[in-house]
Amino acid sequence: LDDEPRWLIALISDTGMRLSEACGLQAQDIHLYSDTPHINLIEHPWRRLKTASSKRKVPLVGASLWAARQIKAAGGTFAFPKYCREDKCNANSASAALNKWLKPRVPDECVIHSFRHSLRDRLRAIECPADIIDAIGGWTTEGVGHQYGQGYSVEVMYGWMSKLSAKVQEP
């Protein structure tokens with residue numbers, strides 16, 4: 001299906017973003033025409049980020065790139081106006097609706113948040129280094145040394161993410 005809820009599922013499936021992170025995006029957070037398509041994931045007044053490492057650039061590949069193109073073509077201010085407006089982001093409502101749609105289509109116990117965990121497993125399967133996996137997903141990497149420097153570039157993360165999408169065609 002080609003509609004807003006499916007764009008949200010597709011976006012999460014190949015980015016590992018938290019549902020609230022994706023729901024609270026503005027269309028201007030999506031950068032399709034840079035050298036490396038990505039989302040600039042930043043805090044907004046209607047949606048905070050869980051941790052400092054949640055603020056990041058997220059490469060767009062595969063299904064997430066398709067979804068980002070659909071969002072930009074829709075031309076709205078918010079990526080998901082059904083679940084977000086200037087004063088509030090309602091990820092709980094999105095979760096309930098998406099999980100209801102997913103239930104007959106996925107194995108038991110799988111929910112929308114499962115896509116975040118499965119991305120980590122998919123990156124492990126291609127032997128992506130753990131600290132790059134953490135950078136892609138916005139997970140905090142332990143150790144004082146990881147607090148220094150700028151972190152990985154979006155180009156480096158895109159290189160690993162593109163290895164995932166090489167095995168799967170875009171929808």
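What share of the 171 residues in the chain is buried? In this predicted model, buried residues make up 46% of the chain.

Let's start with the overall fold. The chain holds 7 helices and 5 strands, and read from the N terminus its elements follow the order α-α-β-β-β-α-β-β-α-α-α-α. The radius of gyration is 15 Å, close to the 16 Å that the globule rule gives for 171 residues, so the chain is as compact as a globular protein of that length. Looking at contacts between residues at least 6 apart in sequence, 66% join residues at least 24 apart.

Here are some whole-chain values side by side:

| Property of the chain | Value |
|---|---|
| Box filled by the C-alpha atoms, along the principal axes | roughly 40 × 35 × 30 Å |
| Accessible surface | about 9300 Å² |
| Part of that surface belonging to carbon and sulfur atoms | 51% |
| Distance between the centres of the positive and negative side chains | 3 Å |

Now let's zoom in on one residue, histidine 38, which lies in strand S2, spanning residues 38–41. Is histidine 38 buried or exposed? Its relative accessible area is 8%, under the 20% cut-off, so histidine 38 is buried. The side chain of histidine 38 also reaches the backbone oxygen of threonine 36, at 2.8 Å. Leaving aside residues up to four places away in sequence, histidine 38 touches Asp29, Ile30 and His31, then Lys57, Val58, Pro59 and Leu60, and finally Val154.

Key. Residues numbered from 1 in each chain as written. Predicted model: local features only at pLDDT ≥ 70, side-chain atom pairs only at ≥ 80, totals over all residues. Heavy atoms only, no water. Helix = DSSP H or I, 4+ residues; strand = E, 2+ residues; numbered from the N terminus. Buried < 20%, exposed > 50% of the residue type's maximum accessible area, 1.4 Å probe, protein only. Polar contact = N/O pair within 3.5 Å; in protein donor to acceptor, adjacent residues only side chain to side chain. Contact = heavy atoms within 4.5 Å. Rg over C-alpha atoms; globule rule 2.2 N^0.38 Å. Areas by Shrake-Rupley, 256 points an atom, 1.4 Å probe, with all protein chains shown as cover. Lys, Arg positive; Asp, Glu negative; His and termini not counted. Charge placed at Lys NZ, Arg CZ, Asp CG, Glu CD.
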